[in-house]
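Please look over the sequence and the structure shown here. The report after them goes through selected features.

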There are 2 protein chains.
Amino acid sequence: MLSKTTADAPAALTLNDVAQRAGVSPMTVSNVINGKAGVRAATRQRVLDAISETGYRVNPMARTLAGGRNRILSVLTPQMNQPYASEVVQGAANAAQRLGYELIVMRSGGSNFSVMTQLAAGVLLIQPPPLPHRGDQDLRTDRLPPVVSVDGPSDHPFMVDNYGGACLAVQHLVGLGHTRIGFISGLEAEPGVAAEGAGASSGQRNDAHERFRGYRESLASAGLPVLTEYVQHGDFTKESGERAAQHLLRLPRPPTALFVSGDAMALGAIHLAQDLGLHVPDDLSVVGFDDLPIAAAARPALTTVRQPLQEMGDRAIELLVELVEHRAVVCPAPFPTTLIQRDSTAACR
Amino acid sequence: MLSKTTADAPAALTLNDVAQRAGVSPMTVSNVINGKAGVRAATRQRVLDAISETGYRVNPMARTLAGGRNRILSVLTPQMNQPYASEVVQGAANAAQRLGYELIVMRSGGSNFSVMTQLAAGVLLIQPPPLPHRGDQDLRTDRLPPVVSVDGPSDHPFMVDNYGGACLAVQHLVGLGHTRIGFISGLEAEPGVAAEGAGASSGQRNDAHERFRGYRESLASAGLPVLTEYVQHGDFTKESGERAAQHLLRLPRPPTALFVSGDAMALGAIHLAQDLGLHVPDDLSVVGFDDLPIAAAARPALTTVRQPLQEMGDRAIELLVELVEHRAVVCPAPFPTTLIQRDSTAACR
DNA sequence: TTGAAAGCGTTACCAA
DNA sequence: TTGGTAACGCTTTCAA
């Protein structure tokens, strides 16, 4: 029913067919479609009728090739099945629909950056890898459409206030009376987290540093010590959260609270604590970061620092459209985070 | 750094540029790129060198417009942030990469079906809505590329053995000694679930019926009664699972085990049981369906019927490529399900 | 083995 | 207000 091979297909419906049917020239049809001024109302109507009668749709490829704007935006993301990216994409898809653009999503890697570049009027990058391969860069950057990125470097980066978010989390824990607060960062085996001023080139590394700074400074301004043995690193997976928590909770004087730089890792930490016979939040409080859908669905529901991911995706597309349509743009300020209090944190006993 | 507007862009690199550089005609470059036989080795090498020196990439739009094959496949899915679709897409992306195709994903709805149609050499539909709007169908189905669908109708549908999966789940529960087994289906407020032979037009409804049939027949062959009050319906959300479980567990003689037609609903059921003071699995056993990532990540880890979603996505793309390349194809048999035993089921006490 | 011509469906530009 | 012409970058077809 739906499937039909190109072999036996009737010729595609073109601008010419519509023009013929409306008794005008192809150019007039084009002008009507593109909302150009200077078409008599009657003519316009005749064309419109012919379009709806035939069910004609413009061919975006031909349109692009001919130099027109194609109303296609693309998203490049390293992993399509990660909740972080999914949320951003969801917001982006909403905005695109609202603004009358089509949104196509591709998994980044390989040669597809150039495909996007030729296909789309604008590109949204989600968590682009720290070092864009030079291989892609030295191929001539001709015809490069506007690029906006969420959680990664570009001329128009969208990011969250990581420092502020970390402060929110730690201050919440401090306010609950905790004095031994551990930190699980998202910077697995990265050297020199404690050391200042490492290169801020990589978006992710920079995020990690900002969150660590928030942790460190919040502790300091509460008069609490910053212990290196209370800082562990993970890679945002649940398993890495378990490993890090295991290390932390086996310390002679283990933390009574954990600030974890990602929801999946936080859930891992909670499960490990439970395996150790600890009750969350009575024996151990845990705060996550991101507020992915799993945070609310978990038991105990996770207290976490919310990144407005859908909103960021939405706003990123809005900016991209401004760029595509050559309007003036302002670089976005970092998005504020909010603390979502749920059931994984309680007063220190 | 990455962003550069079209305005000041150098002219795009074309086949002609490469041809000039290699000292041959554009056609020869085209022939080399497309692996056509009959190009002298030396000439071929000269062209290849020119290509890599310039970093040239074919423009897929132009290629398509000119009637060539474009090695782009597209996926249309109603919700990009649902785990079900994410898993299928992940598998599809792997297969596409392996086979040298680009995969683009779009959220279905609106006019984008026709965009896909013109852009891609083949289309993969994931969970297409039950009734394809006639609006899209009466527009001339010209140039329609091959279509394959996962969990929905098409000439080449990919689905799982829903009946067998349900049998697996119920037999597992029966084997554990349970005699009061409830069922939460994915067919919210759908009339006549108990009634046979409702139209099998909708993929989802059909799935639901098949799973119910597995439940009913497994119960029957175990000599157990099929009680209508033990059957509830949800819409695959966690909340609907909670609602259905609440109804079931408040029955005078509540079930001691639940077979739930989706992992998120199953988790909702477990959480509701816990809220009622029940222990899972000691007081209530729960089996889910799908084996989404959350099933393994939850506590207690969910025993569930696994659909090989990534594999289905992978195989769907393989089939699509066969279709695109005009090879002979066989329609796929339903994929087998497997029972993944985890921690949400135990012997009836 | 190579290349010239024509055309895919659309839009920019400019003349009528 | 309308429409002709050229061009976008590529492939098909066919001739050299």
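The sections below describe the basis of the model, then helices, a sheet, and some backbone details.

## Basis of the model

This is a predicted model, in which local features need pLDDT of at least 70 and side-chain atom pairs count only at pLDDT 80 or more, while totals for chains, interfaces and linings use all residues. Residues are numbered from 1 along each chain as its sequence is written, chains are lettered from A and ligands numbered from 1 in the order in which they are written, and side-chain values use heavy atoms, with hydrogens and water left out.

Helices (H or I, at least four residues) and strands (E, at least two) are DSSP runs, numbered from the N terminus. Buried stands for under 20% relative accessible area, exposed for over 50%, and partly exposed for values in between (1.4 Å probe, protein chains only). Contact means heavy atoms within 4.5 Å.

## The annotated span of chain A

The UniProt record, an unreviewed entry, places the annotation "domain: HTH lacI-type" on residues 13-67 of chain A. UniProt positions are given in the numbering used here, feature names are shortened, and annotations may be inferred rather than shown by experiment. In the model, residues 13-67 of chain A are 65% helix and 0% strand, and the end C-alpha atoms of the span lie 20 Å apart.

Two packed helices are described by the angle between their axes and the distance between the axes. Helix α1 (residues 15-22) and helix α2 (residues 26-33) of chain A pack at an angle of about 105°, and their axes are 8 Å apart. Axes are lines fitted to C-alpha atoms, for helices over the stretch in contact, and angles run from 0 to 180 degrees between N-to-C directions. α1(A) and α2(A) are therefore roughly perpendicular to each other (65 to 115 degrees; under 35 counts as roughly parallel, over 145 as roughly antiparallel and the rest as oblique). On the α1(A) side the meeting residues are A:L15, A:N16, A:V18 and A:A19, and on the α2(A) side they are A:P26, A:V29, A:S30 and A:I33. By class, this contact has six nonpolar, two polar and no charged residues (nonpolar: Ala, Val, Leu, Ile, Met, Phe, Trp, Tyr, Cys and Pro; charged: Asp, Glu, Lys and Arg; polar: the others, Gly among them).

## A sheet in chain B

Six strands of chain B form an open sheet with mixed pairing, in the order β7-β6-β8-β9-β10-β11. Two strands pair if DSSP finds at least two bridges between them. β7 (231-233) and β11 (338-340) of chain B stand at the edges with a single partner strand each, so one side of each has no neighbour in the sheet. From one strand to the next, the twist averages 20°.

Strand β6 (residues 181-185) of chain B pairs with β7(B) in the parallel sense over three bridges. Within this pairing, B:I184 has B:Q232 as its bridge partner, and B:S185 has B:H233. β6(B) also runs parallel to β8(B), joined by four bridges, and B:I181 stands opposite B:A257 in β8(B).

How many of the residues of β6(B) are buried? Five of its five residues are buried. In a regular strand the side chains alternate between the two faces of the sheet. In β6(B), B:I181, B:F183 and B:S185 are buried on one side, and B:G182 and B:I184 are buried on the other.

## Helices in chain B

Helix α11 (residues 263-275) of chain B lies across β6, β8 (257-260), β9 (285-290) and β10 (303-306) of chain B, and runs at about 160° to β9(B).

Helix α6 (residues 112-119) of chain B is largely enclosed by the rest of the structure, because seven of its eight residues are buried. These are B:N112, B:F113, B:S114, B:V115, B:M116, B:T117 and B:L119.

## A position in helix α13 of chain A

A:E318 is in helix α13 (residues 309-324) of chain A. A:E318 is partly exposed, with a relative accessible area of 31%. Leaving aside its neighbours within four places in sequence, A:E318 contacts A:R98 and A:L99. A:E318 and A:A95 are 223 residues apart in sequence, but 6.8 Å apart in space, C-alpha to C-alpha.

## Backbone details

A cis peptide bond with omega of about 15° joins B:V280 and B:P281, and B:P281 lies in the loop between α11 and β9 of chain B. Another cis peptide bond runs from B:R299 to B:P300, with omega near -5°. B:P300 is in the loop between α12 (293-297) and β10 of chain B.

A:D290, a residue other than glycine, has a positive phi near 120°. A:D290 lies in strand β9 (residues 285-290) of chain A and counts as buried at 7% relative accessibility. B:H326 also has a positive phi, near 60°. B:H326 is in the loop between α13 (309-324) and β11 of chain B and is exposed, with a relative accessible area of 52%.
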